[in-house]
Amino acid sequence: METKNYIFCALDFSDLEQTISFTKKIKDHVGGIKLGLEFFTKNGPRGVEKLKKMGLPIFLDLKLHDIPNTVKQSLRNVLDLSPNYVTVHLSGGYKMIQELKDIKQETKIIGISLLTSLNDEDLKNMGYNFGQKVFISNLVKAGVKAGVDGIVSSPKEVKELKKNYKDLIFVTPGIRLSTDKKDDQKRIESPRFAVQAGSNILVIGRPITKSKDPLKSIEKIIENIDHDK
Ligand code: C5P
């Protein structure tokens, strides 16, 4: 696969025109774009339709989480946009995920394991007497049984999970070059580490969107992945 196709740029903007003009700038240099809640709550399905016109694969990061019927109907609504990927929280439970299999058509369902903003301390406060590792592995196991096509995790977890779930699509945020700012990312790894660990999609936002020269930043990410190839 061509190296640029690993890169899905996280377009965490609220403004539609800004999102469109930024996408025009990078569209020939990345494999896809990720649109999340920030974009969706402002611009809605019509905004996604506009971005679809750029011809790039769309990763719709809506992190759906509700009772099974509500999630199913919501997925039905966004399937009108034929996104390539939609995210749901694995903690929504077996039934919530399992019911999506029948309606998802070509769209891949990607399960969120544990938000990177949460850690062992948070789990303890929520009453879980085990750490992130066990929490994530239990969720992934249940998600796979229910039929998810892929999961989102930190690049650090991919290698271990890949041993048991080699056919899953692995999506990893938390990607930084050593020269990048970390922002609020905690568990970061390089693009090359993520690809070598078996990640299929690298979600990269601010190192590209906040860069003075986004194309140069993408080039550096590609060089990092291709290094020594
Ligand atoms: O940090 P960056 O801008 O590259 O973030 C890309 C994506 O990673 C975000 O759109 C968000 O979904 C996710 N993220 C995360 N943990 C954070 C910050 C962002 O998983 N602490």
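Helices (H or I, at least four residues) and strands (E, at least two) are DSSP runs, numbered from the N terminus. The model is predicted: local features need pLDDT of at least 70, side-chain atom pairs count only at pLDDT 80 or more, and totals for chains, interfaces and linings use all residues. Residues are numbered from 1 along each chain as its sequence is written, and side-chain values use heavy atoms, with hydrogens and water left out.

**Exercise 1. Overall form**

Task: state how many helices and strands the protein chain has, and compare its radius of gyration with that of a compact globule.

Solution. The protein chain has 10 helices and 8 strands. The radius of gyration is taken over C-alpha atoms, and the globule rule is 2.2 Å times the number of residues to the power 0.38. For 229 residues a compact globule would have a value near 17 Å, and the protein chain agrees with this at 17 Å. The C-alpha trace spans about 45 × 40 × 35 Å along its principal axes.

**Exercise 2. Strand β8**

Task: find which strands pair with β8, and decide whether its faces are covered or open.

Solution. Two strands pair if DSSP finds at least two bridges between them.
- Strand β1 (residues 7-10) runs parallel to β8 and is joined to it by 3 bridges; Phe8 has Val203 as its bridge partner in β8.
- Strand β7 (residues 169-172) pairs with β8 in the parallel sense over 2 bridges; the partner of Thr172 in β8 is Leu202.

Next, the faces. In a regular strand the side chains alternate between the two faces of the sheet. Buried means under 20% relative accessible area, exposed over 50%, and partly exposed in between (1.4 Å probe, protein chains only). In β8 (residues 201-204), Ile201 and Val203 are buried on one side, and Leu202 and Ile204 are buried on the other, so both faces are covered.

**Exercise 3. Helix α8**

Solution. Arg192 lies in helix α8. Arg192 and Ile175 are 17 residues apart in sequence, with 9.3 Å between their C-alpha atoms.

**Exercise 4. Met126**

Task: locate Met126 and classify it by its accessibility.

Solution. Met126 is in the loop between α5 (120-125) and α6 (132-146). Met126 has 49% relative accessibility and therefore counts as partly exposed.
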